[in-house]
Amino acid sequence: MTPLQRICASSSRIVISLLLLLASTTTYAQGFLKWEADTVPLFRGFAVSGDLAGLLQLQLSDYGQYEAALKLNLHDQYFPIVEVGYGKAHHKEDEVTGISYRTQAPYYRLGCDVNLLKQKHTDNRVFVGLRYAFTSYKVDISCRPFVDPFWLWDTSFGVKDEACSQHWAEVVFGIDASVMGPIHLGWTVRYRKRLAHHDGQMGKTWYVPGYGIQESSRIGYTFNLSIDI
Amino acid sequence: MKVRHHGSPLLWGGVAVSFLLACSSIECPVQTTVALNYGVYCRDASGAEVVDTLADTLYIWTRRKDGRDTLLMNRGVGLSSFSTTLSYNHPEDTIIMFVTDTFQTWTLDTVWLKKTDIPHFESVDCSAHFFHQLDAVRSTHYGIDTIMIDNPSVTYDTTPTHLRIFFKNRY
């Protein structure tokens, strides 16, 4: 592990620990799954949201995603959610390795969040949740032709429209705060675990739509703008 | 409404998390050698295959695309196993094995190795590599008694013996 990797890993652990500590002080976790007995109806409406972090990532780097979600509000306590996105990566001929990588495909997540706050019927939420996610995508991988350094044969490298797929699960922690009327801002931090994957005949893939870069995307994040309907 | 007061710091916390998690790293395998491993064997009195040690000196070379010879191994002495590279993307490699003893007695054999080349991708940050599936091997038999495929899959894993080679008794 390089020093940079160690720093990243340590920083991530510290930040997550602090956030969990903060969550534990702002909530009363005991019995958070208990149904709050009151006169508030079960169905409290919908919220639609979009992920601004993925959009920004797409503008600043050569991969990212558009993502929207539809969340159902059940008694301000349970929030079944469907997240649909479209992930893209277009890495043009790497300066060092000469490898190009291209993929674009939709992805889907299905799950549920639980509001951790003791007073649930407010405009703000601190929540944990689970997601099951799936994507089926095709990749183009190519490398500029090069000469075999020892044998001097001309060499080419690549595949086109290689079919790949991945299933994964996510544990989500996040907050959602009302900023103006029905408009909310919030973020989530996600721990991802691959459940199954098919990477095609090349051995591995690089960017997986909705998951991110393989090997280094165990921790992900979203920054959401949502509107209550 | 206590949480309303926490909303802003928590949102900024989210931004901080985003920056911290934005660290990127390059994760290429440390071990990227793809080599063909030979094991030197002989048969004992019962006919069982046992590891042998080549008492004489082994040189290995090949012919490149430009027609020139190039050395793959120089002065290998006392070998029970050895390794050579494979071409990245050529269906058959031709290898010359030259074995000589201290009396300057020598034999020269040619080994032809047919293989299927499999491009292997790790990441856009990692160099292109090829794995190989060994399909067939044959040789002349001046100094080599037998050569056979033991494990046909040549990858980053450097531990398996891919080819078993039996030299004639005088070695």
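Mentor: Let us begin with burial: a residue counts as buried if 20 or more other C-beta atoms lie within 10 Å of its own, as exposed if there are 12 or fewer, and as partly exposed in between. Please keep in mind that this is a predicted model. By that rule, buried residues make up 24% of the 171 residues in chain B, while in chain A 31% of the 229 residues count as buried.

Trainee: Is A:Thr135 buried or exposed, and why?

Mentor: A:Thr135, which lies in strand β5 of chain A, is buried because 22 other C-beta atoms lie within 10 Å. Leaving aside residues up to four places away in sequence, A:Thr135 touches A:Ala105, A:Tyr107, A:Ser165, A:Gln166, A:Val208, A:Pro209 and A:Gly210. It is also worth looking at A:Thr135 and A:Trp168, which are 33 residues apart in sequence and 9.0 Å apart in space, taken from C-alpha to C-alpha.

Trainee: Where is A:Trp153 found, and which residues does A:Trp153 touch?

Mentor: A:Trp153 is found in the loop that runs between β5 (125-147) and β6 (154-180) of chain A. With 14 other C-beta atoms within 10 Å, A:Trp153 is partly exposed. If we again set aside residues up to four places away in sequence, A:Trp153 touches A:Asp148 and, in chain B, B:Lys65, B:Ser87, B:Tyr88, B:Asn89 and B:His90.

Trainee: How many helices and strands are there in chain A, and how many in chain B?

Mentor: Chain A has two helices and ten strands, and along its sequence they follow the pattern α-β-α-β-β-β-β-β-β-β-β-β. Chain B has one helix and eleven strands, and its pattern reads α-β-β-β-β-β-β-β-β-β-β-β.

Trainee: What is the order of the strands in the open sheet of six strands in chain B?

Mentor: As a general idea, strands of a sheet pair through backbone hydrogen bonds, and they do so either parallel or antiparallel. In chain B, the open sheet of six strands has the order β4-β3-β6-β7-β8-β10, with antiparallel pairing. Because β4 (69-79) and β10 (153-154) of chain B stand at the edges with a single partner strand each, one side of each is left without a neighbour in the sheet. Within this sheet, β3(B), residues 54-63, is joined to β4(B) by seven bridges, the two strands running antiparallel, and there B:Thr57 stands opposite B:Val77.

Trainee: Which residues make up the covered face of strand β11 of chain B, and which the uncovered one?

Mentor: In strand β11 of chain B, residues 163-167, the covered face holds B:Leu163, B:Ile165 and B:Phe167, whereas B:Arg164 and B:Phe166 form the uncovered face. To see its pairing, look at β1(B), residues 35-43, which runs parallel to β11(B) and is joined to it by four bridges, with B:Tyr38 having B:Leu163 as its bridge partner. Strand β9(B), residues 144-149, pairs with β11(B) in the antiparallel sense over five bridges, and here the bridge partner of B:Thr146 is B:Phe166.

How values were computed: Residues are numbered from 1 along each chain as its sequence is written. Chains are lettered from A and ligands numbered from 1 in the order in which they are written. This is a predicted model: local features need pLDDT of at least 70, side-chain atom pairs count only at pLDDT 80 or more; totals for chains, interfaces and linings use all residues. Two residues are in contact if their C-beta atoms, placed from the backbone, lie within 7 Å. Two strands pair if DSSP finds at least two bridges between them.
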